[in-house]
Amino acid sequence: MTTERIPMTREGYEKLKTDLDRMQNKEMIEVTKRIATARAMGDLSENAEYHAAREDQGMLQARVDVLKDKLSRAYFIDKNNIASDTVGFGASVKVKDLDLDEEETFQLVGPGEEDYNSNRILTSSPIAQGLLGKKKGDIAEIQVPMGKVRFQILDISFA
């Protein structure tokens, strides 16, 4: 895993910590019980329930490990110390798509706070990376999986 620090707010950190606690203290216990129940059924070589439960346990453990890694690399951002004229962590950025002639607003957030349905995007996403450091009036050309998008920065605000 990488050693790169991950910016996040205290709220995002607490949400991820709650998710980790739920996975470790509820979901993992449920999976362990399923394994024990399936093991009691006998022959493990042909026991589909046992193998499915073990696979679920492995996937859950992988999610736990990723979450622990994120939390260990987190550092808190104080929104009061961010320049308000430049796109940065926590910014709401109103942009105009120059190719589609449409306006859209993105909020750049850390892990645990993302919600793509309401345009709350991770600072590590391609769009956020292309917007970071830009000022009002700047044009950002961003390579995304479907090609290249061009955004003009119309407004930057911090809640």
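Let's start with Asp-99, which counts as partly exposed at 46% relative accessibility (buried is under 20% relative accessible area, exposed over 50%, partly exposed in between, using a 1.4 Å probe and protein chains only). Keep in mind that this is a predicted model: local features need pLDDT of at least 70, side-chain atom pairs count only at pLDDT 80 or more, and totals for chains, interfaces and linings use all residues. Residues are numbered from 1 along each chain as its sequence is written, and side-chain values use heavy atoms, with hydrogens and water left out.

Asp-99 meets Arg-150 in a salt bridge, 3.1 Å from N to O (a side-chain nitrogen of Lys or Arg within 4 Å of a carboxyl oxygen of Asp or Glu). Arg-150 sits in strand E7 and Asp-99 in the loop between E3 and E4, so the contact ties together parts 51 residues apart in sequence. Helices (H or I, at least four residues) and strands (E, at least two) are DSSP runs, numbered from the N terminus.

Now for E3 itself, residues 91–97: five of its seven residues are buried. E3 runs antiparallel to E7 (residues 147–158), joined by seven bridges, and Val-95 stands opposite Ile-153 there. Six bridges also join E3 to antiparallel E4 (residues 102–109); strands pair if DSSP finds at least two bridges between them. In E4, Thr-105 is the bridge partner of Lys-94.

Elsewhere, Arg-63 and Glu-27 form a salt bridge at 3.6 Å, N to O. Arg-63 belongs to helix H2 (residues 48–72) and Glu-27 to helix H1 (residues 10–39), 36 residues apart.
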